[in-house]
Amino acid sequence: MATLYSYIHSFTHSNIPILTTLYFVQGLPYGIQARFLPIYLRAKSVSLTNLGLIKLLLLPWLLKIVWAPLLDRYSSKQTWLLVSMAGLMFASLAGAAIDEEHFLSLCVVVFFMNFFASTQDIAVDGMAVAILSADELGKGNTAQVVGYKLGAIVGGGGLVWLSDYVTWHHLFLVLSVTYFGTIVLVLQLSQLQNTYLRKHKTSRDQKLKSGTENELEPNKNGYILTSREHDHKEAIKKTEGADWHRNDDLRDRNAISTDGERKRTGREEDWWMLAVWRSPGTAWMIVYCLLYKLGEQGANGMFPLYLVDQGIPKGAVGMWTGVVGQGLSIVGSLLGGWLLTGHSYRTPLDLLHLTFKLRLLPIMLQMAVIWEGSTQESLFSYGFAVASLCLLQLVGGVITTATFTTMMHCSQQAPPTIQGSHYTSLATFEVMGKLLFMTVAGSLTDFFGYFNMYVFFAFLTVGVMPLLEFCPFNFRKK
């Protein structure tokens, strides 16, 4: 018993395992909606149109920036984390209580799961910023990516596989117990709240000692300097070396600013989105984020449903797409990161040129499988189907890493005061393009059929390649 207590104590007082656990449970709802529900409901003969409309339930992930400042302004991250986890637990209990064939009730449950999961994302990101030291940032980012994707694997392919042995109601009861266990864990993490408040208080005290009470602009990753604070710091730097009276006068003039200056600063902050748009390369980056994944996303979304329609057991489809495929996606992300390290002479643009061409191969293989049309009877065709699924996920993971590296490079070209908001905006557009496309992809597939839609997916995959030729960033060779 003492050994068990020591292990639990060491786990709850270590940052990385805690963050990995929190990101894991955060990834469960995404796996449920992206992998589990489409395959499970398609096996119940739900139309592709309705399955596409389910994607709209992911809107809280796009709109979370609206209520993110409230989480920064009121209470602690630990409190909001507990609230979001309790919401996920009750939503799971509601899912266990409904009939899976009642489509409207199911949509309500999934919507609230996405709402509370997106709120949890804000709280955990803010908590990570507060508790991670500079030496832990790399491990913390790894915990975020790996933990979230593992949660998506379990919530997607794992639940599809279990659904062959466990009823719908028991699946959601297991989810509710998982969230309850996480709540118990979070209740033991009072040191996280203290750490956050202590860091924030220390930061405020340092600002008071420097002679100014700076305003803080809320951001999902913590607090960033406002334009007024940045201008003040720059002015202080310029006056270094001058006499004491000049510095004192500068501080007085900054502390007693006029109403007109405040109004001008307010107008600049109100139009931060305009500053984002005017940043170098942002227009190209937004267009790229909206388009680069459409063909791949369509293939990843429709091919598992085609296999279910062909009579392949949903447990097997879930295992290949939700477990093996997502695992290869993680491998692809890690491979992409390794290829972009200092040991390589490749730039993100070089990697995108290569992987965009490779991505066309699995999509063409899936077209051939659909054209042949005997996946269930032909072992040869089934092998091609599995190989294409795995290859597309692997290449897609590399593309995602190269793309997010390019997005980070673009945000670094923006003014320092808006770089955090700039990157958040790009990430929102990246999700928006895939979400809107997959919302209508089901209806289009119902109308045109699988093969014709795959011709369109291939066209989108080829059509985005010329966009790389207009990339405005000059990456330096490492």
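Five salt bridges are counted in the predicted model, a salt bridge being a side-chain nitrogen of Lys or Arg within 4 Å of a carboxyl oxygen of Asp or Glu. The model is a predicted one, in which local features need pLDDT of at least 70 and side-chain atom pairs count only at pLDDT 80 or more, whereas totals for chains, interfaces and linings use all residues. Residues are numbered from 1 along each chain as its sequence is written, and side-chain values use heavy atoms, with hydrogens and water left out.

One of the salt bridges joins D309 to R42, with the closest N and O atoms 2.8 Å apart. Because D309 belongs to helix α15 (residues 294-309) and R42 to helix α2, this pair ties together parts of the chain that are 267 residues apart in sequence; helices (H or I, at least four residues) and strands (E, at least two) are DSSP runs, numbered from the N terminus. D309 is partly exposed, with a relative accessible area of 35%, while R42 counts as buried at 16% relative accessibility, where buried means under 20% relative accessible area, exposed over 50%, and partly exposed in between (1.4 Å probe, protein chains only).

A salt bridge is also formed by D164 and K314, whose closest N and O atoms are 3.1 Å apart. Here D164 lies in the loop between α7 (137-162) and α8 (168-187) and K314 in helix α16 (residues 314-339), so that parts 150 residues apart in sequence are tied together. D164 is partly exposed, at 40% relative accessibility.

Within helix α19 (residues 419-448), by contrast, the residues concerned are E430 and K434, which are four residues apart and thus separated by about one helical turn. Their side chains meet in a salt bridge of 3.1 Å, N to O. E430 is buried, at 4% relative accessibility, and K434 is partly exposed, at 21%. An α-helix has 3.6 residues a turn, so residues three or four places apart point the same way.

As to the chain as a whole, its secondary structure comes to 20 helices and two strands, and 48% of its 478 residues count as buried. Among contacts between residues at least 6 apart in sequence, 83% join residues at least 24 apart, contact meaning heavy atoms within 4.5 Å. The accessible surface of the protein chain comes to about 23000 Å², of which 65% belongs to carbon and sulfur atoms; accessible areas come from the Shrake-Rupley method with a 1.4 Å probe, and for residues only the protein chains shown count as cover.

The largest nonpolar core contains 78 residues, and those with the most contacts inside it are F36 and F303; such a core is a set of buried Ala, Val, Leu, Ile, Met, Phe, Trp, Tyr and Cys residues joined through side-chain atoms within 4.5 Å. Helix α2 (residues 15-43) gives the most to this core, with 12 residues. When neighbours within four places in sequence are left aside, the residues in contact with F36 include G155, G156, L159, V160, W168 and F172. Apart from this core lies another, of 25 residues, among them L339, V398, C471 and F473.

Helix α5 (residues 77-97) has 21 residues and reaches 30 Å from its first C-alpha to its last, close to the 30 Å expected at 1.5 Å a residue, the expected span being 1.5 Å times one less than the number of residues. Its buried residues include K77, Q78, L81, M85 and M89. The C-alpha atom of M89 is separated by 9.8 Å from that of G181, which is 92 residues apart from M89 along the chain. G181 lies in helix α8 and is partly exposed, at 36% relative accessibility.

The largest share of the patch, four residues, comes from helix α4 (residues 59-73), whereas L56 is found in the loop between α3 (48-53) and α4 and is partly exposed, with a relative accessible area of 36%. In the loop between α2 and α3 lies S45, for which phi is near 70°, a positive value in a residue other than glycine. S45 counts as exposed, at 64% relative accessibility.
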